[in-house]
Every structure is written in structure tokens, then in C-alpha cells.
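Dear colleague,

Please find below the structure that I am handing over to you.

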Amino acid sequence: MKRLHGKHILLGITGGIAAYKSAELTRRLRDAGADVRVVMTRAATEFVTALTFQALSGNPVHTALLDESAEAGMGHIELARWADAILIAPASANFIAKLTQGRADDLLSTLCLATESPLAFAPSMNRAMWGDLATQANCKALQKRGYFQFGPESGEQACGENGEGRMMEVPDLINKLASCFESGELQALNVIITAGPTFEPIDPVRFIGNRSSGRMGFAMAQAAREAGAAVTLISGPTHLGTPDAVTRIDVETAEQMHEAVFDHLKHCDIFIAAAAVADYKPATTYEQKLKKDHDSLTLQLERNKDILYDVAHSKMRPFVVGFAAETEQLEENALKKLQKKNLDMIAANRVGKNIAEKQDIGFNSEYNALQVFWPEGQASLELARKDSLARQLIHLIASRYQQKKQHEKNTA
Ligand code: PMT
């Protein structure tokens with residue numbers, strides 16, 4: 001189940017006999033490569049101990065909203081941000097009612113309000129409680145809000161009755177959860193993404209490079225893939241593994257990246273330039289290692305071709321998205337690049353040291369924050385992990401792409 005690999009899953013457990021099945025669910029989520037954190041309501045701890053889930057998830061279990069030690073470690077807002085998805089299994093009738101009302105009187109209900117990630121719930125209760133009009137109305141309301149409902153199933157119940165209300169079986173829950181990450185928004189489209197740094201050789205052992213880790217571009221590749229696109233990832237040197245079902249082409253220099261992009265541009269629908277491409281390269285690459293014979297050394301540099309500019313001005317022009325890495329005047333500089341490079345969209349991130357936020361963001365960090373501009377508008381994507389940001393940005397790109405296509409159709 002590669003689709004859950006590396007995903008942060010927050011498993012919420014509420015009070016119900018099916019809580020014992022959540023132990024197996026925790027194991028299977030981890031087998032699928034997910035990082036699992038468990039949050040239990042007080043009622044859930046009456047059925048299974050927190051220790052069980054701590055052992056199975058390999059992480060501390062969270063049970064209280066106002067717990068000083070937990071807040072000092074990973075507080076409830078950080079926990080909500082951490083989650084790529086929240087799965088509540090089992091979801092009791094009472095908890096479903098609470099969710100519907102938007103109450104926040106314990107840790108799990110608070111996290112459900114605070115999260116911006118997909119939220120799924122697996123109802124589990126007696127068949128009469130499930131059939132009750134109030135429960136039915138609550139579930140409909142949650143589905144309408146975009147929450148995913150998994151199950152319930154029919155069969156023998158713990159109370160001895162037979163009917164609908166059993167929690168969905170673990171393998172099915174895992175399959176359903178994995179499909180929450182597949183939006184299909186870029187179905188049947190070809191997307192090229194550049195990522196990472198470029199290394200411009202000075203001699204056989206030295207080069208001019210930068211601090212890009214490739215994380216942002218790789219996260220974009222994974223998110224585009226999950227949105228249904230066929231993705232070609234053209235990457236400078238990084239240590240990152242290739243996202244599942246993504247075609248990867250490794251390059252070293254800006255020139256090689258330029259060539260690889262143009263080799264694949266013919267069938268490209270969307271081009272996303274997340275790479276930190278060196279603007280300049282040494283005018284001469286020495287064949288032998290340079291000797292330190294002099295007190296100083298001057299390197300002559302010459303401009304590299306601008307890949308993004310060239311794609312946006314090519315005959316095969318796809319929908320073009322750039323990034324802008326800025327240390328100052330973020331908006332002004334990003335808007336200049338949007339116009340000068342003839343882009344459909346630009347995602348600007350602040351890089352460098354003077355960040356007011358707690359985490360370092362931008363280059364070589366797990367986190368980022370983006371200010372996105374397009375000719376008619378803009379959006380802020382708040383500080384979040386790069387994979388979560390990438391999903392938000394892909395969603396934005398997909399909707400702008402569709403609007404542009406619609407506009408072209410209307411004016412044709
Ligand atoms: O890799 P990470 O550690 O995760 O860091 C992510 C990131 C900070 C590198 C990424 O979010 C980012 O901002 N990438 C673009 C960095 C950059 O080179 O920005 P720029 O403002 O110098 O360039 C503007 C745009 O032109 C970029 O889309 C860049 O890819 C493109 N460009 C630049 C020069 C060039 N010769 N060819 C290009 O295509």
C-alpha cells in the first residue's frame with residue numbers, strides 16, 4: 001500500500017467495543033509505511049489501554065486536551081498540522097454527533113476542528129443506534145461537509161444482535177484511507193516537475209551549488225501523481241527516493257536540466273519549476289583539479305539559460321508554474337518574475353535566515369509557506385510540511401488549469 005508510505009496518519013479512537021480492532025489497524029497502517037499517532041477519547045481508554053497503542057504505533061498516545069507535557073512536546077495545533085489525514089475508527093454515535101455540532105471539548109474533537117487535512121470516520125455502533133434518524137442526519141451532514149464516511153458494515157454485533165453498524169474491516173479501512181489521497185484532479189494530464197539544486201562544475205572535484213534538498217519538488221511530484229497525473233520528475237543531485245509511480249530523470253547541471261525538460265516537453269500539459277537552478281556557471285571547467293598556487297583566484301562566470309523562461313516562451317508552451325525564492329520584497333519580486341517570465345502562476349517562498357516562524361522554512365527544511373500569485377489573484381498557503389503544502393498547491397494549480405482551459409474553449 002505505497003500510497004500511505006510516509007503519510008502522517010492521526011488515528012482517533014472513541015469509546016466502542018470495536019476499539020480492539022484499532023490495534024490491528026495501527027499495525028497495518030505502520031506496515032503500509034505510515035507514521036501513526038493515536039488520540040484516544042476518555043471513553044476509548046475504558047476499552048483498550050493507551051499503552052497498547054503506544055507500543056503498536058511507536059509514538060506517545062495523546063488523551064488530554066490540556067496536558068502540559070503534551071503541549072510542551074507536540075501541542076494540539078501542531079498535532080493537527082502534523083496530520084496528513086485524520087481517521088476516527090471506531091467513531092461512536094456520540095462522537096459523530098459531537099463532530100456534527102463542531103464541538104471542541106476534548107482533544108480529538110478539537111483536532112478535528114483544527115485540521116485542514118482530509119478527515120474520515122468509521123461508524124461503529126448497535127444497529128438501532130445506527131438506524132436512528134439523528135445518527136443518519138448527522139452522518140449526512142458530515143458527508144456534505146466533505147468528511148469521508150467508511151462503512152459501517154452489516155453482520156453480527158458485539159451486543160448479540162445482527163444488522164448494520166459494525167466497523168468496516170481493517171484492510172478495507174486502509175484501502176479507503178489510501179484513496180483519500182487521490183483526488184483525480186489532474187487525471188490523464190502530463191506534468192513535468194524540476195526539483196533540487198544544480199551543480200555547476202569548476203573542476204573534476206569542485207562545483208557551484210546551493211542548499212536545495214529537492215524536498216519541495218519531490219513533494220510536488222508525489223502530490224501531482226496522487227492527483228492522477230503522469231509525472232516526469234527532472235531532478236538535480238539529491239538523496240531523496242523517487243515517489244511511487246513517478247518517472248525520474250537525474251541531471252547535474254542547468255544545461256542538462258534544460259535539455260531533459262525540452263526532450264519531454266512535447267506532450268506536457270503542466271510544467272512546474274521547483275528546482276533551484278544555478279543562474280551562473282563557471283565559464284571554463286578545468287579538466288584537472290585546480291592547484292592552490294596563488295593567494296587569490298578569480299572565477300569567470302557566465303549566465304545559464306533560464307529553463308522556466310524558455311518553456312514559457314516556447315511553441316509547445318504548457319501551463320507554466322514557477323517558484324520564486326526570495327530573501328526580501330517577496331510579493332514585488334514574485335510579481336516581476338510572473339510577468340517577465342510569462343507564467344500562469346508563481347509560488348513564492350521566503351528563504352534565508354530572518355524567519356520569524358519557529359521552524360526554518362524554504363531551502364533544506366521539511367516545512368515551507370507559500371504566497372501564490374497568478375495574473376488575476378493570489379492565495380496564501382500557511383506554514384506546513386512540504387507534502388501537505390504540495391497537495392494544496394496542486395489543488396490550486398488544477399483549478400487554475402481547468403479555468404484556463406474553459407476560458408480558451410469559450411473564446412475559441
Ligand atoms: O529543495 P528544497 O530544499 O525543498 O527547497 C525548496 C526551494 C526553496 C528550492 C523551492 O521552494 C524554490 O523556491 N525553488 C525555486 C528556487 C529558485 O531558483 O528561485 P528563483 O527565484 O531563483 O527562480 C525563479 C524560477 O525560475 C524558479 O522556478 C526556478 O526553477 C526557475 N529558473 C531559474 C533559473 C534558471 N536558470 N532556470 C529556471 O528554470
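This is a predicted model: local features need pLDDT of at least 70, side-chain atom pairs count only at pLDDT 80 or more; totals for chains, interfaces and linings use all residues.

Residues are numbered from 1 along each chain as its sequence is written, and side-chain values use heavy atoms, leaving out hydrogens and water.

Helix α1 spans residues 21-31; helices (H or I, at least four residues) and strands (E, at least two) are DSSP runs, numbered from the N terminus. K21, S22, A23, L25, T26 and L29 of α1 are buried, that is, under 20% relative accessible area, where exposed is over 50% and partly exposed lies in between (1.4 Å probe, protein chains only). After α1 comes G33, with a positive phi near 95 degrees.

D344 lies in the loop between α14 (330-340) and β17 (345-350). The residue D344 is buried, at a relative accessible area of 10%. Its side chain makes a polar contact with the side chain of R317 at 3.0 Å; a polar contact is a pair of N or O atoms within 3.5 Å, and within protein one must be able to donate a hydrogen and the other to accept it, while residues adjacent in sequence count only if both atoms are side-chain atoms. The D344 side chain also reaches the backbone nitrogen of V320 at 2.7 Å.

Y286 is located in the loop between β14 (280-282) and β15 (301-303). Y286 is partly exposed, with a relative accessible area of 33%.

Yours sincerely
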